[in-house]
Amino acid sequence: MEGMTSPCVADRARGSNLAIDPRRLLAGVAVAFAIAAEPAVAAEPAFRPSETIFPATTAAWLSVADPVGLQESFDRTQYGKLLQDPIMEPFVTSFRKQLSKAGKRRLGKLGLTLEDLGEVPGGEIALAAIVPEAERLATVLLVDTTGHEEETTKLLEQIDRRLLEQQAERLADYQETIKVYRLPPEPPRADADDEAPPPAERLVAVVHQAAALIVGDDPVQVHHVLTVLETGRQDSLASRADFEAVQTRSREGLPAAAASLRWYVDPFSFAAAYKATHPPVERRKGPDYVEILGRQGFDAVEALGGSMIFDDGPRELRHQTIVYAPPLPGRDPAAVDRYDLAARMLRFPETDAIEPPAWVPADASSWSALQWDIATAFKVADTLVDDIVGEKGVFDDVIASLKEDPDGPQIDVEADLIAGLGNRVAMLSDYVEPLGVDSERLVIAIETRDPELVAATIAKSMATDPDMRRIESHGVVIWELIDRSMEIPKLEIETPGGGIAHADDDDRRDRRRRLREKEEKLLPHSAVTVSHGHLLIASHRDVLERVLTTADSGDALVSRPDYRLVAGELESLFPGRRGLQGFGRSDESIRPAYEMLRRGSMPKSKSVMGQILNNLLGDGKPGTVRDQQIDGSSLPEFELIRQYFGTGGFVMRTLEDGWFIGGLTLPGDAGNAPQPNEEVASRPQEPQTN
C-alpha cells in the first residue's frame, strides 16, 4: 500500500533475489536496440559516463553511449535490412510476443518490457551486475532519458501498474525518493529438490531524477547510483585496472566517432555471485565446470571485455575483445609457469601466417586454426582431468593403463603420440543434405611432426578397441566408431574358473570407460585417420572422405574469392603475427540451426553445439529433451533471406597480460562469393545407412 511503513529496506535488500536474469537482460538490451529503438534528438548527457558511476564491485557491464547512432548504423547493415524485410515481420511480431511472455518471468518483474528500453533513451543506456557483498548479485539499469520526459512519465506509470498487476506490495519510499516494491515469492516448482533453499525476497526499486531513470532489484545500490550521477565516484568501475586495460585496448584502432556497444565482465566473480543468488531448484548431476576452472588456475583470467561497431566502411560489423589475464606476481610473461596448474596449457605460440591447407573443402561452412603448445598442455592436464572426474590420480592411471594393461593398446601416449604432434589445431564445419538433426559435420585436424609415428600409434590403439572398425579408403586407413545404438544386447554368461582381474585393473578400465563415454556422446559417429600431415578426427566418415579427396581436386577454400577478401581485410586491420585465425560463411554456418529452429527440432540436434545447448539449457536429467525456448515456426524459408548473410573472420594475438581478439563481417556479395543456389546444389548428400 502507498506510504506503508516497512522494516529497513537496506537490510532486506541484502537478501533479495535477483529480479531478472542478467544474461537475458544483456541480450534483451541489444535486441531492443535492434528491433524497437525510436529516433531521439541528441543532447548533452544527463550524467557522467556510467563506468564512473557504477561501483568497483561491478562484475558485468553493458553500455551504449549513443543508442540513436548505434541504431542508425545497425539499420544500414544487412542485419538491419533483414529485420526490416516484410518477409520477417511475422517472426519479429511473434518473437516480440515471446519476449513479452518471457518478460513476465524475468524483465517483467521490474515492470519493464524490451520495447520500453527502446522508447525512452535520449543518451546512454547501461546495465550493471554488481556484487555488493560475497555471494550476492544486484542488477541496476541506468538510462539517460533526455528529450523523452513524456515517454518516461508514461513508462513510470506503466511500471507501477505492471508491478501491481503482479501482486507486488508498495513499500515505503527508500531515502524519500526511490519507489520500492516487494514482489510475492515465486511458487515452488514441482520438480524442486527437497533441500532447495526457500525463495528469497524479490524487490524492485525505481527512481527518475534529473533525466536519469534508474531501475534495479536492490534499493541501496539504486540509491548509490542516484547520489553520484553528477560527480561520479572514486571507487568506480572505471578505477579498476582490469576494466581500464580491457576498455582502452579494445577500442584501439576503432573510429572515435563510431557509436559502439561496449561490455565488460569479471567472469569468475560474476559466475559465483550469480550461482549463489540463483541456486538451482534441483540438484544437477555432474561437475561444476566454473568451480573446476577456478580451482585449476584459470581464474588468472581476471576480465573480458570489448567493443562492437556496425557499418564500418565496407564492413558490416567490427569487434575487438581483450582477455585480461596478467601473469601471476613475479612470473615471466613468456614462461610456461606464468599461471598455475592446468591454466599453464594457455600457451598459443604465434606465427606469421595461418591459412587453410589445400585439403579444406572450398564450400566448407567455417574453418579456423589455433597455434597451441600441445606438449605442455598434455603435461599439465592431469589435475584438470582429475578434478573433472572427481578422483585424484585418474589421469595418470589412465595413461599408465594404456601402456601397461595387457588387454589394452600398450602405448606410451607421450612418447608415441604427443611427441609426433605439432602445434597447430584446426577445425572445419559443414553439413549435408537433406537437413536434419544429424546433418552437421565437424573435422578436427592436428598437425603432425611425425605422421608415421602418429599413424602407427593410432592403429595400435584402435586395433584393440572392439568398438572401432578398420576401413581402407582413398589410400589411407580410417578407423570408424561402430554405431551400436540399434543392436540387440548380447547375453553374456560368466563361467566359473575364468580369469580374475586385479582390482586396480578394473578401476583403470572403469576410468577409461567413463572418459570414452564422454567422447562418444559428443562424437557418436567419429572417424579417425592420419593424412595430409595431420591427425584427422571427424564427426562422420563422409566428411572425412571429402577432406581426403579435396587436395587432389584443386577446389580448396584457400583459393575462393570470398575467403581471400576476408583474409585481406584481417591482415589490413590486424597485421602481424597471430596465434589464431578463422573464417566463416554466416549463411552456411547458420542454416542447419535455422532449419531446426523452424521445425521446432533444435533440442534434438545431435551436433556438438546442439548438445552443448541442451546441457546448458536442459534440466540435466539423462535422456530428457528440453523444450525449445524460441518458436521459429513463423520464420521464412531460408533461401528467401540468404542474401542478408555474408562472410566473416577473426584473429587472436598474445599479449603480455592476456590476448587480443579482433574480427569483422562483410556483406554477402563481397568478394564475388559463389551464388547460394550453386553452393546448395553442390552440397553433399547424407549417405544411406548400411
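Mentor: Before we start, a residue is called buried when its relative accessible area is under 20%, exposed when that area is over 50%, and partly exposed in between (1.4 Å probe, protein chains only). This is a predicted model, in which local features need pLDDT of at least 70, side-chain atom pairs count only at pLDDT 80 or more, and totals for chains, interfaces and linings use all residues. Residues are numbered from 1 along each chain as its sequence is written, and side-chain values use heavy atoms, with hydrogens and water left out.

Trainee: Which residues of H7 are buried?

Mentor: They are Thr152, Leu155, Ile159, Arg162 and Leu163. Seen down the axis of H7, these buried residues fall within an arc of 90°, so they line one face of the helix. The arc is taken from the directions that run from the helix axis to the C-beta atoms.

Trainee: And which residues are exposed on the other side of H7?

Mentor: Glu150, Glu157 and Glu165 are exposed there.

Trainee: How many residues does H7 have?

Mentor: Helix H7 covers residues 149-165, which is 17 residues. Helices (H or I, at least four residues) and strands (E, at least two) are DSSP runs, numbered from the N terminus. From first C-alpha to last, H7 reaches 24 Å, close to the 24 Å expected; the expected span is 1.5 Å times one less than the number of residues. Just after H7, Gln167 takes a positive phi of about 65°.

Trainee: What comes next, strand S4? Which strand do its bridges join it to?

Mentor: Strand S4 (residues 169-170) is joined by 2 bridges to strand S5 (residues 179-183), and the two run antiparallel. Two strands are said to pair if DSSP finds at least two bridges between them. Arg170 has Tyr181 of S5 as its bridge partner. S5 also pairs with strand S6 (residues 202-209), in the antiparallel sense over 5 bridges, and here Tyr181 stands opposite Val204.

Trainee: Changing topic: is Glu588 buried or exposed?

Mentor: Glu588 counts as buried, at 1% relative accessibility. This residue is found in helix H20 (residues 586-599).

Trainee: Which side chains does the side chain of Glu588 make a polar contact with?

Mentor: One is the side chain of Tyr431, at 2.4 Å, and another is that of Arg642, at 3.0 Å. A polar contact is a pair of N or O atoms within 3.5 Å; within protein, one must be able to donate a hydrogen and the other to accept it, and residues adjacent in sequence count only if both atoms are side-chain atoms.

Trainee: What does strand S12, residues 421-431, pair with?

Mentor: Strand S12 pairs with strand S13 (residues 440-448) in the antiparallel sense over 8 bridges. Asp430 stands opposite Arg441 in S13. Pro434 is found in the loop between S12 and S13, and the peptide bond from Glu433 to Pro434 is cis, with omega near -10°.

Trainee: Which residues does Thr383 touch?

Mentor: Not counting residues up to four places away in sequence, Thr383 touches Gln296, Leu341 and Ala342, where contact means heavy atoms within 4.5 Å. The side chains of Thr383 and Gln296 are joined by a polar contact of 2.5 Å. Thr383 itself lies in helix H13 (residues 382-389) and is partly exposed, with a relative accessible area of 26%. As for Leu341, its phi is near 50°, a positive value in a residue other than glycine.

Trainee: Last topic, the rings: how many aromatic pairs are there?

Mentor: The count comes to 12 aromatic pairs. Rings of Phe, Tyr and Trp (its six-membered ring) pair if their centres lie within 6.5 Å; planes under 30 degrees apart count as stacked, over 60 as edge-to-face and the rest as tilted. The rings of Phe74 and Phe310 have centres 5.2 Å apart and planes at 80°, so this pair is edge-to-face. Phe74 lies in helix H3 (residues 67-75) and Phe310 in strand S9 (residues 303-312), so the pair ties together parts that are 236 residues apart in sequence.

Trainee: Is Phe310 buried or exposed?

Mentor: Phe310 is buried, with a relative accessible area of 15%. Another aromatic pair, Tyr339 and Trp659, is tilted, with 6.5 Å centre to centre and 50° between the planes.
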